[in-house]
Amino acid sequence: MKNNKFIPSLVAAGLALASYGAVADDNRYIIQVDNASKGIVKALAKQSGAEINVDADGFIAATFKGKTLSDVKGLLNNPHVRLVEVDQKRAPMALYNDDAGDATQTQLTPYAVYQSQADQVMFNSNAGMKVCVIDSGLDSSNADFNWSAITGDNDVGTGNWFENGGPHGTHVAGTIGAADNGFGVVGMAPGVDMHIIKVFNAAGWGYSSDLAQAAQLCSQAGANIINMSLGGGGANSTEENAFKDFVANGGLVVAAAGNDGNSVRSYPAGYSSVMMIGANDADNNIASFSQYPSCSSGRGKRVTTDETICVEVTAGGVDTLSTYPAGGASMSGLSADGQGFASSAMENTGSAAGNTYFLGIGDAIDNNAAGKVCVIDRGTISFYDKVNNCELSGGIGAVLINNEPGMLYGTLGDTNNTTIPAVGAAQEDRAALLAASTISISIGASDYGYMSGTSMATPAVAGVAALVWSNHPTCSGEEIRSALKATALDSGAAGKDDFFGYGIVQAADMNNYLTQNGCAGGDTGGGDTGGGDTGGGDTGGGDLTLSASGYKVKGTQRVDLSWSAATSDSVDIYRDNSLITTTSNDGAYTDAINAKGGANYNYQVCEAGTTTCSATISVVF
């Protein structure tokens, strides 16, 4: 989990990143000019009352308050000016947004629900789905759960499972199954049965043995899915075997890839029996912190590729809205002339409403700010000094605007002694905020808040799995795992990659896929549908296993294949979805490829003439 202490505004969470194209700002213009004559044009612009915003090679950008494009062209009717044009506004284009509103008054749907199509599938509460959440507990102070369907266990020394050991577990559980009850937020599988196992101690960590025992307790509780938004370095055989047993009994285990933004493999996500989950943002981009371990291991002739030890799918995990222990989150609100804007809570709970006063960069006391809300540009001095100068000027609240695209997140420091509420705002909203006559801001405690991390993406996948599985209850966990991959939205580099795996989970597509093809899937000998049940095998690569080792002989590519657990006299071997040979079931075959250089091949072995196949294995040269 990567915890965002500073929280975007709930009131306007759906507004600031709304998708739009070029929108003209009638006050700001680009003037193309010869560099040698730029000084003359800049002087002319300043004489006309302009503020120079950009001084670049071959052009300047300037704001002419209250002037139209025709006005500016008239003012700059000069032979050194090549062109005057509107400086078009640009902003991030968010594909998905949280619902806007107050969670205490109305139910909000987080963006990841829309992004994963979970809003398009109905949860079947009669299917008996149960998700086991191994985390820091679920605080009973939050009413946004179907508490009659929730049970739990304590680990040694962790305290009651229904009391939070920090907000993490409550946030995770809300993403999975917050109730569809008209207030708060709604989870991926609203109201799903959950079993909570509190494994983190007061210091916020546990051991492999705790997780191994938790897996056993999940089985005893009748859970179908285990969610682990946690991880650490180093494999442990006892822990690994516990999850193998859970999967062998028909379950599905998902775990977070990690938040260090590197290629290190974390555990338990790195075990083959556990599905590794990465995080993406609302724009379908990979999160900068999401870890991306390689699917390959070994070197030279011993290189093997296994898609079950790297990221398999992703889900929304950046600034995700979910449940908190009562009053455990801070939420900020920001409106200007009655229009809501996104914000981040910086410091000092409370509210302020008044006339707008632009305090520049806030580097000096200005008594004209008395009784007003200061709007302050980021830069030069600390956030604390800006807010302190506003308060010393008599200002009643402060809005700090970022000096680069995106939201401003920050604090006033450990020695903060200011008292007025202060919020951050996005650079994209600067013009609107400065133009507003009045501004209202608020910061207060809330039962709902934002976190970022693969910890947040993992319960989104667990919830999607529970949602779709509830409509196909005869499937096994491995078949659900395959279907998640088979229907994922390809993102990032074309095809499977280390960052997204097969892509962003899609609940409606997955539900349709299973409806049309059954639990076994429908891609014969393939792997081109996103890595689901490649080959249509009835276990998604369960008993029939394949390993591959690529190497070169005099520069020519060769791949040694070995398999086990095939029961027929012969097997079919596929390379990149095409049958390359039917050979005797002796457990080994060498594919001599008449090619040199680099390449990526996908292999699969199947019982001859059937759709009972291994998982797809990739070999990279």
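**View 1. Ser-455 in helix 9.** Ser-455 is buried, at a relative accessible area of 1% (buried means under 20%, exposed over 50%, partly exposed in between, with a 1.4 Å probe and protein chains only). This residue is found in helix 9 (helices are DSSP runs of H or I with at least four residues, strands are runs of E with at least two, both numbered from the N terminus). The model is predicted: local features need pLDDT of at least 70, side-chain atom pairs count only at pLDDT 80 or more, and totals for chains, interfaces and linings use all residues. Residues are numbered from 1 along each chain as its sequence is written, and side-chain values use heavy atoms, without hydrogens and water.

**View 2. The annotated active site.** An unreviewed UniProt entry annotates Asp-135, His-168 and Ser-455 as "active site"; such annotations may be inferred rather than shown by experiment. They span 321 residues in sequence, yet no two of their C-alpha atoms are more than 10.2 Å apart, so they gather at one spot.

**View 3. Surroundings of Asp-135.** Asp-135 lies in strand 6 and is buried, with 1% relative accessibility. Among the residues it touches are His-168, Ile-197 and Ser-229 (contact means heavy atoms within 4.5 Å).

View 4. Seven strands, paired in parallel, form an open sheet in the order 7-9-6-10-11-12-15 (two strands pair if DSSP finds at least two bridges between them). Strand 7 (150-154) and strand 15 (311-316) are at the edges with a single partner strand each, so one side of each has no neighbour in the sheet.

Key. Lists of a residue's contacts leave out its neighbours within four places in sequence.
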